[in-house]
Amino acid sequence: MIEVDEKQMPWSKDMTMASLLATLENVEFCSVVRLNGRLVSSPKFAETIIPDNSKIQLLPMVSGG
Amino acid sequence: MDKIKLKEIKCISYERAEIKKGYTDKSLRVNLDSNEITISPIEERIKNKFIGGKGYDLWLMWNAVKASTRWNDPENTICISSGPLGGTPGYPGGGKSIVTSISPLTGAPIDSNVGGYFGPYKKFSGFDVIQVDGKAKKDAIIFIDGIENKIKILEASDLPTDSYELSDVLTRHFDEDKPVNVSVVTAGPGAVHTNFGCLNFSWWDAGRKRVRYKQAGRGGIGTVFADKKVKAIVARFGAISMKSNNPADLDALKLVTKAHSKEIRELDPKQNRMSLVGTTHLVPIMNDHDCLPVHNFKFGSHPESRVIGEEVYEHIFDKGFDGCWKGCTVACSHGVKDFSPFTGPYKGKKVFVDGPEYETVAGCGSSLGIFDAHTIIEINFYCDAYGMDTISVGTSLAFVMECFENKLITLDHTGGMDLSFGNRFNALEIIHQMAGGEGFGAIVGKGIRQMKQIFAKDFGADAAFMQDIGMESKGLEFSEYMTKESLAQQGGYGLALKGPQHDEAWLIFLDMVHNFMPTFEDKAEALHWFPMFRTWFGLCGLCKLPWNDIIPEDNKNTSEPAKVAKHLGWYADLFSAVTGRKSSPEDLISMSEAVYNFQRIFNLKMGFGTREHDTLPYRAVGPVTVEEYESRQERYDEQLKEKYSLDIGDMDSKEKVAVLRQKREEQYELLKDAVYERRGWNNNGIPTIETVKRLGIDFPEVLEVLKKNGVE
Ligand code: SF4
């Protein structure tokens, strides 16, 4: 299992950040996530493998600076 | 240090104005030529039109300076104001000061929004805004004592020269028993010797029992301050509560303050964790999106950037409450305790460093090829202590390093110093030289625009190449975001009134990452509303960060998530609660639009403010060199083929650079057209008569300036 924004979700082998987000709704604002405490940005989503028992926070990055 | 001695030159007692609904309705003018201290009422019509904060500053400056006024003329004015909402304890970001002057770098009005307690203390002492003009004969301190109700001009001698020690000494001097009652504004030797001097605004950190400070960094206001021989401006006031602003509706104020503050407390730990890492989370994010300036904005990422981002600073920052305003729950103004510099006058001593923030890490780190957290902290410390803007220092040094690597300047010019990217010791040495006005550092301290002229004229350097790589626009050095792949952010920088600073418009994510504004019209629309909301914070005395750096959880379900409607509603409620002027989020835009257009016309009055001044160095728009092109070849090739339908089969990289440049520069000009039209400006970027009438800023003197520029 993994935890995404405090909700439990099933984990699968070879799961990437991109494949996980493809299963979620309303994530068009999500271009950055925190995976087990570490920031990962959208250009790296496809290559980022999610380990089992991961904790993920989706960051609503609208603006900054 | 022994007890300091200050000689009183002038002292007046005054009756402190009662605060009504966030306003004192009084301005304070201190003229250092004549040592006159004048307190004047602020007219209702000015209040209604200019709101406060930056609006008041600009109005006073407009009346103080002539079209011919230069930054170092006595009539140039430094204005510092708070704003009707400034000084609300517990409201996130509720205590900013807004500082303006004619900039040594741009020749036009510059504004800077800064933390610390000065703005609210000055207001509660009886003045919405302070205006300082003239030039003192000897180093002067202006003391606004809201406890004793006195204003003094004091002559200062034998005081510490740097801001770090000076802030501490003056804070303790002006209220030894209760240093929390004091906020001081100081510059330093770097402000004397460079064109990008900054001002440090202090507050007393009760937890750590020490003085802290934030910087009004941009545009060299510290240089003007030093030129006027102002050593410090000090405000002293007692306890502050929610009642201090005498709000129209105290209960409504408490309600909205509690709601916004609570949301941040709950959501910041789940989002950007700014209360732990400040803005350093942006380092890895910008790096991964290819937007972190590396080697003078040549590239947008670097494999070593992780060692200068949040993962490192989280462990270096001293733990404790770090709000630069009382009770701000974002609390992002972190610092480093017991830091021991390895160069300069503080070498081997233990100091507290306020910062670094993202801008300093990117400008004085990655852009210089310095991937060492310790060196960045040291640069941060000395820039603040010397009173120099870390952004202009970093961006100027990056330009110098690229010139050095391209042999436009050599060891003969730099005093024998190798200034290749990554040379951290020599970067620090240049900073010490800048502060002392010595050696090659004295030239760097003039800023990029003047360096380009000096390098071309005196060293025979290639002027066209320097124009392309010198990251300045309107004379101001760029802040630290790569804009090559975001046309909207190119506009955000190029069309910003004061020059390329991200506080006016930050659209990289909305444009480049989310692709929410595919057309010119979409981008122009965003370049209308975004700067208007940001302007509004400067009118009211608020910090911009709590608007959209921490986002309500249900924001994504709203019709326009980019605007963060819930927060805009809270801001309108806050304005209504304090001032009694019932307001909606739409009203915030119309308040800003009047001041924004007034500032554009102020630029025009000073000889700027037209299309030709909204230009960018090509480095901000696309790849200048073959090296840059080839580093992102796949991306650029695809754009030439797909977006512009070009057959590039027979082209070499040099030809591709040229054709891409032509296309991208055309796009930027088209963007200007669209933005000018949306803003109600003519094709030359000047507000039309209809626009100034609609906004109610059709004062005779405004119409006169427009007429002189062919608009009637
Ligand atoms: S959000 Fe950060 S910078 Fe803004 S007032 Fe709060 S602590 Fe200061």
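How many salt bridges does the rule find across the interface of chain B and chain A? The rule finds 4 of them, a salt bridge being a side-chain nitrogen of Lys or Arg within 4 Å of a carboxyl oxygen of Asp or Glu.

Before selecting anything, note that this is a predicted model, in which local features need pLDDT of at least 70 and side-chain atom pairs count only at pLDDT 80 or more, while totals for chains, interfaces and linings use all residues. Residues are numbered from 1 along each chain as its sequence is written, chains are lettered from A and ligands numbered from 1 in the order in which they are written, and side-chain values use heavy atoms, with hydrogens and water left out.

**The interface**

Select A:Glu6 together with B:Lys270, which form a salt bridge whose closest N and O atoms are 3.9 Å apart. Next, colour the elements of chain B that give two or more residues to the side touching chain A, namely helix H9 (282–288), helix H10 (310–316), helix H20 (508–513), helix H21 (520–540) and helix H22 (545–548); helices here are DSSP runs of H or I with at least four residues, and strands are E runs of at least two, numbered from the N terminus. H9(B) supplies the largest share of that side, 4 residues.

Widening the selection to every contact (heavy atoms within 4.5 Å) brings in 34 residues of chain B and 23 residues of chain A. The area buried between the two chains is about 2400 Å², with 56% given by carbon and sulfur atoms, where buried area is the accessible area (1.4 Å probe) that two parts lose on being put together, summed over both.

**The sheet of chain A**

Turn now to chain A, where 5 strands form an open sheet of mixed pairing in the order E2-E1-E5-E3-E4; two strands pair if DSSP finds at least two bridges between them. Strand E2 (7–9) and strand E4 (38–41) are the edge strands, each pairing on one side only. Within the sheet, select strands E3 (residues 30–35) and E5 (residues 55–60) of chain A, which pair in the antiparallel sense over 5 bridges, and find A:Arg34 with its bridge partner A:Gln57 in E5(A).

**Strand E9 of chain B**

Finally, select strand E9 (residues 150–156) of chain B, which pairs antiparallel with strand E1 (residues 6–13) of chain B over 7 bridges; B:Glu8 has B:Leu154 as its bridge partner there. Strand E8 (residues 140–145) of chain B also runs antiparallel to E9(B), joined to it by 6 bridges, and B:Ala140 stands opposite B:Glu155. E8(B) and E9(B) form a hairpin with 4 residues between them, and B:Asn149 in the turn has a positive phi of about 55°.
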